[in-house]
Amino acid sequence: MSASVVLKNVTKKYKMYKKTSDKLLDLALPSGYGKDFYALQNINFEAQKGDIIGIIGVNGAGKSTISNLISGVIPPTSGSVKINGDAALISIGAGLNNELSGRENIELKCLMLGFKKQEIESLMPEIIDFADIGEFIDQPVKKYSSGMKSRLGFAISVNIDPDILVIDEALSVGDKIFAQKCLDKMNSFKERGKTIFFISHSISQVKEFCHKALWLEAGEIRAYGPIEEVVPQYEKFIQEYNKMSKEEKKQFNRQVMEKRSVLQHAPIPTDKSMGPSRTEKARKKPKKKFKLNIFRSFLVLVLFVTAGALYGNWNHINSFFEPEEKVSVAKQEEEQPVKAPPVEPVEETTVPEKDLRYVHIEAGFVRDAPNLSTSTKITMMYFGDPIIVEETLKDPEGDFQWLKFKLPSGQDAWISENLVTKVGTPIDEEKFMASIEELIELDGLSESLGVMGKSLQEITEAEQLDDMEIVYDGNNKANQLQFNLGGIAEESLFALVGEPTLQHEENTYLYHGKNYDLVLTSQNGAFTSLTVKQVVQENNNL
C-alpha cells in the first residue's frame, strides 16, 4: 500500500506571552522572550491509503494541532509533512466566512479549491440537501448555531470528494440523526479507499468507525496501531488518572507542562530530502545568526530612543522651524497667567439598573405582541434563559403584565411575567468554580473562565481541560462552557455554595453570578453536568 500522509520528526512550537508588549521583547532580544510551548514534538507516523485512523487523547494533547498540520492550515516549526492528494478539514466553522451566507460560503470554498462555476452549480443542490439547514442557507453564517456550522462545513467537505478527510470533533455537536448521516457518508468514503482521520472524545464512535488509533499524550505519540490494541491502553490510562489524588494530579500536570516547555531529544533524520536539521543549520552559520540578532536588537533600541526623544522634545523641534516673531509671541502667551474657566455645576446622573429576569419554567412561548388572542408565537425560551425588560404592559383580558425585551436578532418580543422571575444577589463565580474543583479534584476549573470571549484561534490547548466542551457564538467567540462532572452529591455542593438562585423540579439548578450564570443538571441526587454562560449585558445580547 502507498502512503497518503507521512510525518517525519514534526514539531510545532508556540510562544506564550503574558501581555502584548512581550511580543516586541521577543523580537528585540537575541535569545527571544516568552515561554515556549511545544504543542507537538518529534511526531513520526505514516497513514496508508484506506486507513481510518482515530486520533485520541485528553484535552490539550495536540489533537487539533495535528489535524491542522495534516490539512495544511498551519505549517510545522520543524520536520516534514508529506500529503499525497487533497486534504479537507471538517471542524466547527472551519473555513467559513461569518459575514457571508451559507450559499455564498459554498461557492467561495469551492472556488478556492479550484472548482469551475459550472461544477459548483451542479454540486450546490447536493451540498444544500446534505446540510439540511432549511432557509438558513441564505442567512449570514454569524447567525448560525455551532451545530448548523458543523452541518454546512461537513456537507461542503464531503461533497467535494477529497482524498484525505480530517474530521475534528465535527460530530460532537448537532443531533444524532445528522451524526448517523455523517457516519454513513464516511463509511462510503471508507469503501472507496479514502484516508480518514477521525478526532473525537467519543471512544465508542472511534471503536465503531476506525481500525487504527493514534494516541497523543502531552504533544507526543504514546501509541499507534490497531484499534483493539491502542484503545484499551488509553482507557486504562484514563482510569488510572481518575484514581489519582488531587496532589498527584497537580504533580502530573506540572510535569507535563515542564516537558512541553522544552524540546525533547529526537534522532537526526537520515532522509536528506528533508534537508538539514535546525541543529545542523546552527552549527554551519552561528555568526551570521548572532550578528542578525544584534542588528535587530540595535534597530529596535534606536527606534525606542528616537521615539522617546521626539515625543519629549517635539515643542523645541517644532519651534526651530517656525518664524522668530511667531515664537516670541507664543512665548509671551505662555508667560501670561491663564485664567481658569468658571466651573459649572455638573448634575449627578445615575445609570438605571437593568431589569434582569430569568425563565423559571421548563419552556414558554415568546410572542410578537402583548396579547393572547391576536399575537403570534415567534420562538420559545427555556429554564435559565435571561431577558432584560424594556417595558411592561397590562394584558387587555387577563390579570397579568406583559414584558417587552429584545431577542438576540434585535427583534422586539413579549413574554408573560408569570414565566420569568427576578433574581437576588449574585454569587461569587470563582468561589463557586473553586468549590466544584475541590469536589471533583480537577485543577484549573476556575481559570477556565478566561477562555470566555476568545475565538477558536486564540484559545490554546493548555486552556482546554478534560471533560470541558466550548460552544461558540455567531462571531466564533466562546460564549458557553460545558463540563462533565461525573457525579457530585447534591448535599456536598449545597454545603459549600448554598442554595441555588432558581430551581426547576429536582434536576436543574441555576446559580446567578455577576459575570456568568451557572446551570447544574442532576440525576438521582448527583450533579452530572455544569453549563457556564455569560450574563446578559445588553438588550439584544442573550
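Strand 22 (residues 516-523) is largely enclosed by the rest of the structure, because six of its eight residues are buried, that is, under 20% relative accessible area with a 1.4 Å probe and protein chains only. Strands here are DSSP runs of E with at least two residues, and helices are runs of H or I with at least four, each numbered from the N terminus. The model is predicted, so local features need pLDDT of at least 70 and side-chain atom pairs count only at pLDDT 80 or more, while totals for chains, interfaces and linings use all residues. Residues are numbered from 1 along each chain as its sequence is written, and side-chain values use heavy atoms, with hydrogens and water left out.

Strand 22 has a partner in strand 21 (residues 508-512), and the two run antiparallel, joined by five bridges; strands count as paired if DSSP finds at least two bridges between them. Within this pairing, Y511 faces L518 of strand 22.

The hairpin of strand 22 and strand 23 has two residues between the strands, and N524 takes a positive phi near 55° in it.

Turning to a helix, N253 belongs to helix 9 (residues 246-260). N253 has a relative accessible area of 29% and is therefore partly exposed, a class lying between buried and exposed, the latter being over 50%. A218 is 35 residues from N253 along the chain, and their C-alpha atoms are separated by 9.5 Å.
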